[in-house]
Amino acid sequence: MAGNGDIQWSFSQVKGTLDDEITEADIISCVEFNHDGNLLATGDKGGRVVIFQRDPLSKLSVPRRGEYNVYSTFQSHEPEFDYLKSLEIEEKINKIRWLKRKNPAHFLLSTNDKTIKLWKVSERDKRIDGYNLKDESGHPKDPLSITSLRVPTVRPMELMVEASPRRIFANAHTYHINSISVNSDQETYLSADDLRINLWHLEITDQSFNIVDIKPTNMEELTEVITAAEFHPSQCNTFVYSSSKGTIRLCDMRAAALCDQHAKLFEEPEDPTNRSFFSEIISSISDVKFSNNGRYIISRDYLSVKVWDLNMDTKPIECFHVHEYLRSKLCSLYENDCIFDKFECCWNGTDGYIMTGSYNNFFRVFDRHTKRDVTLEASKEIAKPKTVLKPRKVCTGGKRKKDEISVDCLDFGRKILHTAKVVVQFLPPLISDQPCGVLETCASAISKSATDAKPPFFHLAVP
């Protein structure tokens, strides 16, 4: 920590290419840590999933550093073509969600616009030697040539990490899937598209239950779409979903099979003085997350992050402005389509901090207790480990200070859209400057616009 009590962030790693010559397929489209933080999965627009594993030796160093190395890479989705609708289905990975570990193997769900897959990632460091009916190359032997029986033996081999698809959940969504969320029972999960939310059982691939359907009878009457959905972290009957109208609906599956009638509606009262042409666009919620304790919800709209208490649906209890200085730039952001960017947000492990992305490779961290915030830059130019990240400030007018950047100089092609966190528990005596022996490691994925040629990578930073 710094002398004034603020957390001091330092750079840890950059994973991925820093070259300018990259293809559209290499752009990172999602990031997700597993539950213990030892694995980090990234998906890209080319349908690939790359899994990084925490280096065990990095956890023994003081101060503790979470360094990750490539663990497994596999092709999750391929491009498809829907001949009935004459529609191309992209291979881009929209979401990745890990299942809690129950055996030596790891399981994760990945989805593109239409199809969800359950993957098993397992290690193999032993092989069976001495088959009776197979030769050394694995080809069958002639049974008549066998004159004696051998006892097969187990021999060590070089470690192999294998990824194999265990289930394929398809043909259940008419529109593009934007969310998947694993239930706390670890047996079911939900998938959401623009107008419907389906409930799946992990063992059943040919049947799902439609639990939310907001599609109007006449599509010309359509006024809102579903933007994100997530299960409660401990109550398996409860989930929330957000909409393009800036509302959040809390649903209870015990009340009815079809949850069109929500249990609670979280909606901020509209201020008529701030009403403008862009009001509906910037109020659309791009991400919604339950807190770890299940008491609160955070929602991210274009300009802010709001904290909602489940026991109070009239207004948010906290509101943090991410880049309020862009309010005067909405016209130009509308013209270059940046106003439609969908930013994610996440909690830290103790629900005391919130992180989300912004433009110019900036990401913002908000302290809920002290109401302080910091703007940091996840830039590819910072490529030296342990480099302290200096807080950045944006100048909106007047005389610009030396360490400030003008709002007119922000690069809207370089943006942090995807964020993820992991909480690693350490023994308190080993890190005296961290309260309760908890260290948060955050990963932020750098994305880009379709016309930008900046390289994709993700940036690890530790407080």
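Q: In the hairpin of β20 and β21, which residue takes a positive phi?
A: In this predicted model, Gly 294 has a positive phi near 80°. The hairpin has five residues between its strands.

Q: How do β20 and β21 pair, and over how many bridges?
A: Strands of a sheet pair through backbone hydrogen bonds, either parallel or antiparallel. Here β20 and β21 are antiparallel, with four bridges. Val 288 faces Ser 299 of β21 across the pair.

Q: Which strand do five bridges join to β21?
A: That strand is β22 (residues 304-309), running antiparallel to β21. Three residues separate the two strands in their hairpin, and Tyr 296 stands opposite Asp 309 in β22.

Q: Which residues point each way from β21?
A: Tyr 296, Ile 298 and Arg 300 point one way, Ile 297 and Ser 299 the other, and all are buried.

Q: Why does Ile 285 count as buried?
A: The cut-off for buried is under 20% relative accessible area; Ile 285 has 4% relative accessibility and therefore counts as buried. Ile 285 sits in the loop between α1 (279-283) and β20 (287-290). Beyond its neighbours within four places in sequence, its contacts include Ser 299 and Arg 300. Ser 244 is 41 residues away along the chain, yet its C-alpha atom is 5.8 Å from that of Ile 285.

Conventions: Residues are numbered from 1 along each chain as its sequence is written. This is a predicted model: local features need pLDDT of at least 70, side-chain atom pairs count only at pLDDT 80 or more; totals for chains, interfaces and linings use all residues. Side-chain values use heavy atoms; hydrogens and water are left out. Buried means under 20% relative accessible area, exposed over 50%, partly exposed in between (1.4 Å probe, protein chains only). Contact means heavy atoms within 4.5 Å. Two strands pair if DSSP finds at least two bridges between them.
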